[in-house]
Amino acid sequence: MENSTNIDIRADIPLLEDVIYLDAASTTPTPKPVVDAMCDYFYNYNSNTGRGAYRMAVKSTKEFEGARSRISKFVGCGPSEVIFTKNTTEAINLVANGFNFKKGDSIIVPNIEHHSNFIPWLNLKKFGVNLKIIKADEFGIIDPYDVESAVDDNTKLITTTHISNAIGSVQPINEIGKIADENDILYHVDAAQSAGHMKLDVKKIKADFVSFPGHKGFLGPVGTGFLYCSEKSVEKLEPTNLGGGTVVDVTEAKFEFEDVPARFEGGTQNIAGVIGLGAAVDYLKNIGMDKIENHSKKLTSKLFQEINSIDNTIIYGSPENIYGIVSFNIDGVNAHDVAKILDELKNICVRSGYHCAIPAIRHMGSYERGGTVRTSVHYYNTAEEIQIFGETLREISKFFGD
């Protein structure tokens with residue numbers, strides 16, 4: 001069960017010997033070369049960055065900033081436009097809380113979002129900020145025309161996910177970016193389910209901000225992520241985590257901020273994690289993003305076909321417009337029960353529930369079913385695994401259908 005590449009990704013992820021892991025949308029297992037890079041830090045130069053002249057500290061800083069440089073090239077921006085965070089959620093909150101939104105300002109957000117790209121904006125309503133919520137269609141897709149129609153003189157930001165974490169629907173981020181650009185409105189994209197799964201150039205989508213996780217498509221360690229913040233937009237953003245490493249001078253009366261991105265990275269960072277994330281980016285590049293994308297498209301299609309062929313399943317999204325994720329229910333069966341049985345029968349790991357996207361789940365009509373069963377893939381998954389999953393699901397469906 002190997003993929004056709006010079007990298008044997010399955011050998012690099014030992015836990016795949018024991019399970020069929022179909023939960024990449026939640027987190028991905030970490031390959032050995034990424035773990036090795038982190039261990040190298042811990043074993044050989046475990047020291048803080050930017051705070052020492054001794055050799056280990058210099059090496060730590062060099063490796064940390066080297067990872068920033070490689071990550072920035074991977075997404076198409078400059079190193080100073082990468083601000084490290086511990087996850088996508090923190091990156092989004094940095095924009096929501098670091099921008100000086102005022103009473104009467106409006107923000108456009110779809111109803112198909114993960115809570116992390118919905119609650120921070122919803123929270124701003126208590127300060128008098130208006131939220132214009134765009135409804136997706138029956139397949140979970142946003143119409144750019146609806147976004148454009150919602151724009152007015154008070155619109156300060158448009159935010160959208162790239163791929164819905166709930167059902168895998170791909171949003172028209174290029175078209176929405178054009179609308180934001182033409183109207184001189186800030187534009188934020190949540191790339192939690194697309195980064196590392198497909199090529200993504202932050203400049204081409206005309207985004208001011210893009211929030212990234214390290215532990216999903218990138219195959220990096222948990223507790224890592226970053227915010228892309230364009231040079232033209234960074235001065236509009238205020239740091240929200242002040243303290244060590246964020247300033248160049250302090251008196252009893254005032255302080256002076258460090259340059260970007262240091263002013264946004266208060267305190268000691270997840271140094272080993274960032275170094276691991278840099279190694280993960282190298283790992284993806286060695287495989288080739290075209291290979292990863294083509295493989296994921298094939299597996300997504302096969303997943304959809306397997307599930308859709310079972311009579312009493314309810315499947316969400318359009319097969320022409322989902323990527324990496326396929327969500328479904330077995331009619332009359334709680335989503336968590338299906339997930340537990342898949343695990344017990346064949347060690348198949350899938351996610352079940354509301355996926356931190358309750359508005360999206362309500363919109364798709366699966367709230368009363370306990371949410372959905374969500375399958376999600378990456379390059380380490382195989383067609384054989386999808387076949388085993390389909391056969392097992394068919395058995396479960398027949399049992400509850402009898």
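Q: Which side chains meet in a salt bridge with Asp 290, and where in the chain do the partners lie?
A: Side chains of opposite charge can pair when their charged atoms come close. In this predicted model, Lys 199 and Asp 290 meet through their side chains in a salt bridge, at 3.2 Å from N to O. The pair links distant parts of the chain, with Lys 199 in the loop between strand E6 and strand E7 and Asp 290 in helix H8, 91 residues apart. Lys 199 counts as exposed because its relative accessibility is 54%, whereas Asp 290, at 45%, counts as partly exposed.

Q: Which residues form the salt bridge between two loops, 38 residues apart?
A: Asp 331 and Arg 369 form a salt bridge through their side chains, again described by an N to O distance, here 3.2 Å. Asp 331 sits in the loop between strand E12 and helix H9, and Arg 369 in the loop between helix H10 and E15. Asp 331 is partly exposed at 46% relative accessibility, and Arg 369 is partly exposed at 29%.

Q: What network do salt bridges that share partners form?
A: Such shared partners join Glu 65, Arg 68 and Glu 265 into one network. Within helix H2, Arg 68 and Glu 65 lie 3 residues apart, about one turn of the helix, and their closest N and O atoms are 2.7 Å apart. Arg 68 counts as buried because its relative accessibility is 3%, while Glu 65, with a relative accessible area of 36%, is partly exposed.

Q: Is Thr 372 buried or exposed, and which side chain does it join in a polar contact?
A: Thr 372, which lies in strand E15, counts as buried because its relative accessibility is 0%. The side chains of Thr 372 and His 355 are joined by a polar contact of 2.7 Å. Among the other residues that Thr 372 touches are Tyr 316, Phe 328 and Arg 351.

Terms used:
Residues numbered from 1 in each chain as written. Predicted model: local features only at pLDDT ≥ 70, side-chain atom pairs only at ≥ 80, totals over all residues. Heavy atoms only, no water. Helix = DSSP H or I, 4+ residues; strand = E, 2+ residues; numbered from the N terminus. Buried < 20%, exposed > 50% of the residue type's maximum accessible area, 1.4 Å probe, protein only. Polar contact = N/O pair within 3.5 Å; in protein donor to acceptor, adjacent residues only side chain to side chain. Contact = heavy atoms within 4.5 Å. Salt bridge = Lys/Arg side-chain N within 4 Å of Asp/Glu carboxyl O. Lists of a residue's contacts leave out its neighbours within four places in sequence.
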